[in-house]
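Student: I have a structure here and want to go through parts of it. Can we look at it together?
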Amino acid sequence: MDPEVISDLPGDCPVCGMALEQVTPLPGRATFTCPMHPEIEQETPGDCPLCGMPLEAKAVSNVADEHAKREIRDLSVRFWAGLVLTVPVFLLAMLPMVPGHLLEKLVGSPISKWIQFALTTPVVFWCGWSFFVKGWRSLKGWNLNMFTLITLGVGAAYLYSVVAVLFPGLFPESFRHHGTVELYFEAAAVIIVLVLLGQLLEARARGRTGEAIRSLLDLSAKSSKRLTETGEEEVAIDRLVIGDRLRVRPGEKIPVDGTILEGSSTIDESMITGEPLAVAKQTGDPVVGATINQTGSFVMSVGKVGADTLLAQIIQMVSTAQRSRAPIQKVADKVAGYFVPAVMAVSLTTFIVWSIWGPAPTMALGLINAVAVLIIACPCALGLATPVSIMVGIGRAAREGILIRDAEAIETAGKIDTLVMDKTGTLTARRPTITGFTVSSGTEAADVLSAAAALESLSEHPLSKAILERARGEAVSFPSVCGFRSTTGGGISGEIGDESWHVGKRSFIEAEGAAIPEELLKSAEEGERQARTVVWVAHGKAAVAIFSISDPIKESTPAAIAELHRLGIRLVMATGDNDATAQAVGRELKIDEIHAGLSPADKIQLIRDLKASGRRVAMAGDGINDAPALAEAEVGIAMGTGTDVAIESAPITLVKGDLSGIVRAVLSSRAVMRNIHQNLFFAFAYNLVGIPIAAGILYPFTGMLLSPMIAGAAMSLSSVSVISNALRLRSMKLRD
């Protein structure tokens, strides 16, 4: 009976006394927030109580889309209705100024006043009613904003004209021109229509800023072909569960994230990574939902569903980032907080000055100039300057495989002058391969390989894959490990049977008390000179073997390094690998500064030292040991091919996982910030030029006054300019 009554517990309705019934939440429910005041949140659409701007959905949903469409329809109806009613009001007011016009013969002056009154009233109180509601709310809570100025300006012009029609005898001579009191119905009506036009254009522009997320949503497949005991069945994506086996044929979208069980293919991953070249996949390789299978047919196992898929996480990350606020926006908000009271003071001063020293009719001219100041100074463009650019820019970057977690990151990324990079997985392909395996005299290679593989099977280190692949290739068994221990940046240890084994860096096994045979030391030095990573194996108190492991440099790395240098960024390698290997890689890639043998704590200290020297530092990495450094840097950039811990520690994630994405991230940041500065210029330029003109500063020199209608047009034009400029970011160039 009373659906507004909601309770988390059973009981009776406090309004009508009837028993409460259980309801099922509607799908697609959205939470709405203000992009300029994110602390404002509610479950229903509406307007921000602080700035009056329409609240936006925190995530794309059916409810949010329907609300946005309804808002556009409502604004469109009110705009066109207001326009139809305003045109005759405008003509009745303006045509008497044209010599020889026939209007006065058709419609006398007394009738014209009443027609203007009748047509303007619905424009003000129906078409523009929401502006007055917002304006009153702003005055009541003293949260002064653009609607405060609109309410005062339009309200003053309309009420003045109404009193002039109903009680003209109340006005003294200072309000009269040639014995009559001038009306300003046309100013009130035209301003309402122009503001409605600006609001309609803004609503449509906000809809376009969400196109990035909608395009991502459209990427997903709607159904899949699940394998059963009797054959295949077509099922909706939301009915899949982890472990289901799916058939994917050439030309089809991969339904969800998973792993290829049978077959091979090439897959177009451009919609996720931004890279145009197809990627070859075979049995055991991971595949990503929404990417397109090109050449082969394969069977895959479902690994992730729903919100856990990469596409869903990308959508959530982009949606969250688009609502975040850049530091520069706080400056604009602070300026706006002082701006509106200052404008009200200027408007009042304008009225007083014109009323005392202006020409006849002094009071009327004072009022109309004061209204013009209020209207032209509406700070809607100032409020839109930053958030619209942020929303469009982050959505554009997402299409390039650059996931930006918050607006502060997109502002800071363009200012960096130093990039600290891990080696393995960042500069190199993270496809380690054993190119040398040396054992000491009297040691069985199979025993060492078996023990090392058993330990590495419990490790997440990227080099462990090379040892495991070698062991599987030689079909050695993996014994059980007890007391497994992992030392970050050092190595791993454990007991196999009654014997202790250690695998890791030389310094690590020496710290465990292992002696280094001369024959292994020579082999290690030779491997390091060839830019190979050396992994030591110790059995008890003696080193018994080394693995020489090569990790090829990514094909895209040299070109990306050159481009980063061109952008004026100093490149620093910070790796836990040995110095000889790091120096060899650094020389090949022309890295500016190389630091090897670093622990996670050392990487943090390196970044702190660089920051203390005045550098603006970004950190790029992909491993668990990189996570603290990613958090310490001014901008952390995680490779999407890395660990979840690294990705969670960084405000920017590169889905493709190579340095060319950093180039695009920097270019994206600089383009967005350049766009924001342009928008702020537009917003302030209109006000700095328009307010003095509206106040009548040119009148003594030119005899020109700014009509409130022209002021309203200029105010709307400033908002349209800001939005149009921000939408240019959708086509910004992020690569050569």
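Student: Is Lys603 buried or exposed?
Tutor: Lys603 is buried, at 2% relative accessibility. Buried means under 20% relative accessible area, exposed over 50%, and partly exposed in between (1.4 Å probe, protein chains only). Keep in mind that this is a predicted model, in which local features need pLDDT of at least 70, side-chain atom pairs count only at pLDDT 80 or more, and totals for chains, interfaces and linings use all residues. Residues are numbered from 1 along each chain as its sequence is written, and side-chain values use heavy atoms, with hydrogens and water left out.

Student: Where does Lys603 lie?
Tutor: Lys603 lies in helix 20, residues 600-612. Helices (H or I, at least four residues) and strands (E, at least two) are DSSP runs, numbered from the N terminus.

Student: Which side chain does Lys603 contact?
Tutor: The side chain of Asp422, through a polar contact of 3.4 Å. A polar contact is a pair of N or O atoms within 3.5 Å; within protein, one must be able to donate a hydrogen and the other to accept it, and residues adjacent in sequence count only if both atoms are side-chain atoms.

Student: New topic. How many residues of strand 19 are buried?
Tutor: In strand 19 (residues 491-496), 5 of the 6 residues are buried, so the strand is largely enclosed by the rest of the structure.

Student: And which strands pair with strand 19?
Tutor: Strand 18 (residues 482-487) pairs with strand 19 in the antiparallel sense over 4 bridges, with Thr487 opposite Gly491. Strand 20 (residues 499-504) also runs antiparallel to strand 19, joined by 6 bridges, and there Ile496 stands opposite Glu499. Two strands pair if DSSP finds at least two bridges between them.

Student: What is in the hairpin of strand 19 and strand 20?
Tutor: There are 2 residues between the strands, and Gly497 takes a positive phi near 70°.

Student: Which residues other than glycine have a positive phi?
Tutor: Ala290 is one of them, with phi near 85°. Ala290 sits in the loop between strand 12 (286-287) and strand 13 (292-293), and is buried at 1% relative accessible area. Lys590 also has a positive phi, of about 60°. Lys590 is in the loop between helix 19 (579-589) and strand 24 (593-595), and is exposed, at 63% relative accessibility. Most residues other than glycine have a negative phi.

Student: Aromatics next. How many aromatic pairs are there?
Tutor: The structure holds 9 aromatic pairs. One of them is Trp354 with Tyr699, edge-to-face, at 5.2 Å centre to centre and 70° between the planes. Trp354 lies in helix 10 and Tyr699 in helix 24 (residues 699-702), so this pair ties together parts 345 residues apart in sequence. Rings of Phe, Tyr and Trp (its six-membered ring) pair if their centres lie within 6.5 Å; planes under 30 degrees apart count as stacked, over 60 as edge-to-face and the rest as tilted.

Student: How accessible are Trp354 and Tyr699?
Tutor: Trp354 is buried at 7% relative accessibility, while Tyr699 is partly exposed at 28%.

Student: Which residues form the aromatic cluster?
Tutor: Trp114, Phe117, Phe125, Trp129, Phe132, Tyr158 and Phe185 form one cluster.

Student: What about Trp357, buried or exposed?
Tutor: Trp357 is exposed, with a relative accessible area of 65%, and lies in helix 10 (residues 327-357).
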